[in-house]
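Reader: I have the model open beside me and would like to go through a few places in it with you. Could we take them one at a time?

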Amino acid sequence: MNTVFDKARDLATALLESEAGKKVNDARFIFDGNEEAQKQLFEYSNFRTTLETGIQNGSLSEEIDAQVKVLDQMGAELNKNQVVADMVRAEDEFNKFVGQVMNVFNATLSGDSENSNGGCTGSCSTCGGCH
């Protein structure tokens with residue numbers, strides 16, 4: 001049983017050492033060193049959470065449109081921050097990569113060896129791309 005867990009750790013390490021893993025690690029490192037980006041993302045996340053909670057419990061019924069506009073403006077400003085944009089892009093690429101690996105894992109578990117290569121058929125004509 002320990003061999004299975006060792007292989008899982010090896011796989012996780014391989015994911016982190018992949019190109020996508022290195023990019024997300026680098027982007028997070030840069031983000032962690034940028035107080036303005038952290039503050040901006042923190043404020044956006046808090047506002048979004050407060051808005052979602054208000055919508056769920058009905059306490060913002062009359063203010064929703066105005067609050068959604070504020071959230072959209074905050075999101076637009078957040079997207080202008082290159083540090084945040086780079087981190088989000090790197091995280092998206094890494095998550096897609098991990099998803100592809102999970103597809104291989106699940107296909108292999110279900111005995112679907114044809115799809116155990118990450119959805120690649122081997123034919124470029126059917127390729128949706130890796131990214």
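Reader: Which residues is glutamine 40 in contact with, leaving aside its neighbours within four places in sequence?
Author: Apart from those neighbours, glutamine 40 is in contact with Glu77, Leu78 and Asn81, where contact means heavy atoms within 4.5 Å. This is a predicted model, in which local features need pLDDT of at least 70 and side-chain atom pairs count only at pLDDT 80 or more, while totals for chains, interfaces and linings use all residues. Residues are numbered from 1 along each chain as its sequence is written, and side-chain values use heavy atoms, with hydrogens and water left out.

Reader: Is glutamine 40 buried or exposed?
Author: Glutamine 40 is buried, with a relative accessible area of 18%; buried means under 20%, exposed over 50% and partly exposed in between, using a 1.4 Å probe and protein chains only. Its place is in helix α3, residues 35-57, and helices here are DSSP runs of H or I with at least four residues, numbered from the N terminus.

Reader: Changing topic, what does phenylalanine 94 touch, neighbours within four places aside?
Author: With those neighbours left out, phenylalanine 94 is in contact with Leu15, Leu16, Ala20, Gly21 and Val24. Phe94 is also one of the residues that touch the most other members of the largest nonpolar core, together with Phe31, Ala37 and Val84, and that core has 16 residues. A nonpolar core is a set of buried Ala, Val, Leu, Ile, Met, Phe, Trp, Tyr and Cys residues joined through side-chain atoms within 4.5 Å.

Reader: And which element gives the most to this core?
Author: That is α5, with six residues.

Reader: How many salt bridges does a search of the whole structure find?
Author: The search finds seven, a salt bridge being a side-chain nitrogen of Lys or Arg within 4 Å of a carboxyl oxygen of Asp or Glu. Among them, aspartate 86 pairs with arginine 89, the closest N and O atoms being 3.0 Å apart, and the side chains of lysine 39 and glutamate 43 meet at 3.9 Å, N to O.

Reader: Why are aspartate 86 and arginine 89 separated by about one helical turn?
Author: Because they are three residues apart in helix α5, the separation comes to about one helical turn. Aspartate 86 is partly exposed, with a relative accessible area of 31%, and arginine 89 is partly exposed as well, at 43%.

Reader: What about lysine 39 and glutamate 43, where do they lie?
Author: Both lie in helix α3, four residues apart, which is about one turn of the helix. Lysine 39 is partly exposed at 46% relative accessible area, and glutamate 43 counts as partly exposed at 39%.

Conventions
Helix = DSSP H or I, 4+ residues; strand = E, 2+ residues; numbered from the N terminus.
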